[in-house]
Amino acid sequence: MTNQLSAMLGIWQENRDSTEWVLGTVYRTEGSAYRKAGAMMLINGHGQQFGLLSGGCLEADIIRNARRAMVTGKPVTLTYDGTDEDDLSFKLGVGCGGTVYIMLQPLSAWNDLGLGDLYEALQKRQSGVYFQKIDAVEGYFEAGVIYGQRPAHIENREDGNWLVTPIQPEPHVLVVGGGLDARPVIGIAHQMGWQTTLVDPRPANARAEHFPTAGKILRKIDGDLATYVTDHKVDAVILMAHSVSIDAAALTVLCDAPIKHLSALGPRHRFRDVLNEAGISRNDLAFDVSSPAGLDIGGQLPESIALSMLSGIHAALFKQSAAPALAQAAE
């Protein structure tokens, strides 16, 4: 979970004064690459890394060059060309075959490149835009900025080239129902660095000892739940209580909540039963609904069903078609 930006920044924030730090960023790619522009990692003076800029094949060399940035206090730019037999990345066996451009920017007590502001914004689950000047130790974050739908990109300005990276907090998922099959949902979501909340009014369900990685466990499905979802900026809800009445109660209080996606476990006719119990029409729901929940990956066991549901939510939140990755890799 330390690959999520908020987790990386949390570690940096806690230890920022105890050692040196360097921010590594992919600012440009050509052809196939494991990570794209805007990907970040943090390296400290102990040689520890948080995050990835490749599939793991380049990190040792990146860390070695990060030491140079720490010693000189100046940024270092690196280019790894997987198509050039004489290039280091080719010799390291990089399989993507593309070219990756990376900059390493040293952090200091008087210049944190705006990461402090970025960390505070993510703690409040605020989105925004992060700006980094290429070949310079300059950077800043603007919270709440709407910068279109463009991914990370380079802007040519009068004072130089800037990498512009949209930032958004990791997804927050509310799981309604704390049965046995909810355990891998919470566990996998936690491994991905997502925030999780579990709600179940039944005393025998959603026991803390069975959900040690759940961010929060709630016991009431009422108006306070809608307030919680709004205040904590929940992105998606999974209805999986195996009780039409409990799922319907949750849908009733959340039907007007500002969530982006809802997944309903079970066949389509069961979700129709939930809607009827709640007295709600599907057309009344402003958010995207997946019923049955998840992607069809042939899952039958709780773990694979959890993977299916979380994959579907990931695709919905990041507006992807969930087409096979092989189709993109072949390009």
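I began with Leu275, which counts as buried at a relative accessibility of 7%; I call a residue buried under 20% relative accessible area, exposed over 50% and partly exposed in between, with a 1.4 Å probe and protein chains only. I note that the model is predicted, with local features needing pLDDT of at least 70 and side-chain atom pairs counting only at pLDDT 80 or more, while totals for chains, interfaces and linings use all residues. Residues are numbered from 1 along each chain as its sequence is written, and side-chain values use heavy atoms, with hydrogens and water left out.

**Entry 1: around Leu275**

I placed Leu275 in helix α8, residues 268-278; helices (H or I, at least four residues) and strands (E, at least two) are DSSP runs, numbered from the N terminus. Not counting residues up to four places away in sequence, Leu275 touches Leu251, Ile280, Ser281, Arg282 and Leu285, where contact means heavy atoms within 4.5 Å. I also looked up Ala249, 26 residues from Leu275 along the chain, and found their C-alpha atoms separated by 9.9 Å.

**Entry 2: His261 and the strands beside it**

I then turned to His261, which lies in strand β14 (residues 261-264) and is buried, with a relative accessible area of 3%. Its side chain makes a polar contact of 2.6 Å with that of Asp288; such a contact is a pair of N or O atoms within 3.5 Å, where within protein one must be able to donate a hydrogen and the other to accept it, and residues adjacent in sequence count only if both atoms are side-chain atoms. Leaving aside neighbours within four places in sequence, I found that the contacts of His261 include Asp235, Ala236 and Val237, as well as Ile313, Ala316 and Leu317.

What does β14 run alongside? I found it joined to β13 by 4 bridges, the two running parallel, with Val237 opposite Leu262 in β14; two strands pair if DSSP finds at least two bridges between them. Strand β10 (residues 172-176) also pairs with β13 in the parallel sense, over 4 bridges, and there Val175 stands opposite Ile238. Strand β13 itself (residues 236-239) is covered on both faces, for Ala236 and Ile238 on one side and Val237 and Leu239 on the other are all buried.

**Entry 3: helices α5 and α9**

I checked how α5 (residues 182-191) packs against α9 (residues 302-317), and recorded an angle of about 55° with the axes 8 Å apart; axes are lines fitted to C-alpha atoms, for helices over the stretch in contact, and angles run from 0 to 180 degrees between N-to-C directions. That angle makes α5 oblique to α9, because angles under 35 degrees count as roughly parallel, over 145 as roughly antiparallel, 65 to 115 as roughly perpendicular and the rest as oblique. On the α5 side I listed Pro184, Val185, Ile188 and Ala189, which meet residues of α9 including Pro302, Ala306 and Leu310.

**Entry 4: the five-stranded sheet**

I traced an open sheet of 5 strands in the order β3-β2-β1-β5-β4, with antiparallel pairing. Its edge strands are β3 (49-50) and β4 (76-81), each pairing on one side only. Helix α1 (residues 5-15) lies across β1 (21-30), β2 (40-44), β3 and β5, running at about 25° to β2.

Which residues of β2 point each way? Met40, Leu42 and Asn44 point one way and Met41 and Ile43 the other, and all are buried. On one flank I counted 5 bridges joining β2 to β1, with Trp21 as the bridge partner of Asn44, and on the other I found 2 bridges to β3, with Ile43 opposite Gln49. The hairpin of β2 and β3 has 4 residues between the strands, and in it Gly47 takes a positive phi near 85°. At the other end of the sheet, β4 pairs with β5 (residues 99-107) over 6 bridges, and Leu78 stands opposite Ile102.

**Entry 5: the four-stranded sheet**

I traced another open sheet, of 4 strands in the order β7-β6-β9-β8, again with antiparallel pairing. Its edges are β7 (139-143) and β8 (153-157), each with a single partner strand, so one side of each is left without a neighbour in the sheet. The twist averages 25° from one strand to the next. Strand β6 (residues 128-133) is joined to β9 (residues 160-167) by 6 bridges, among them one between Phe131 and Val164.
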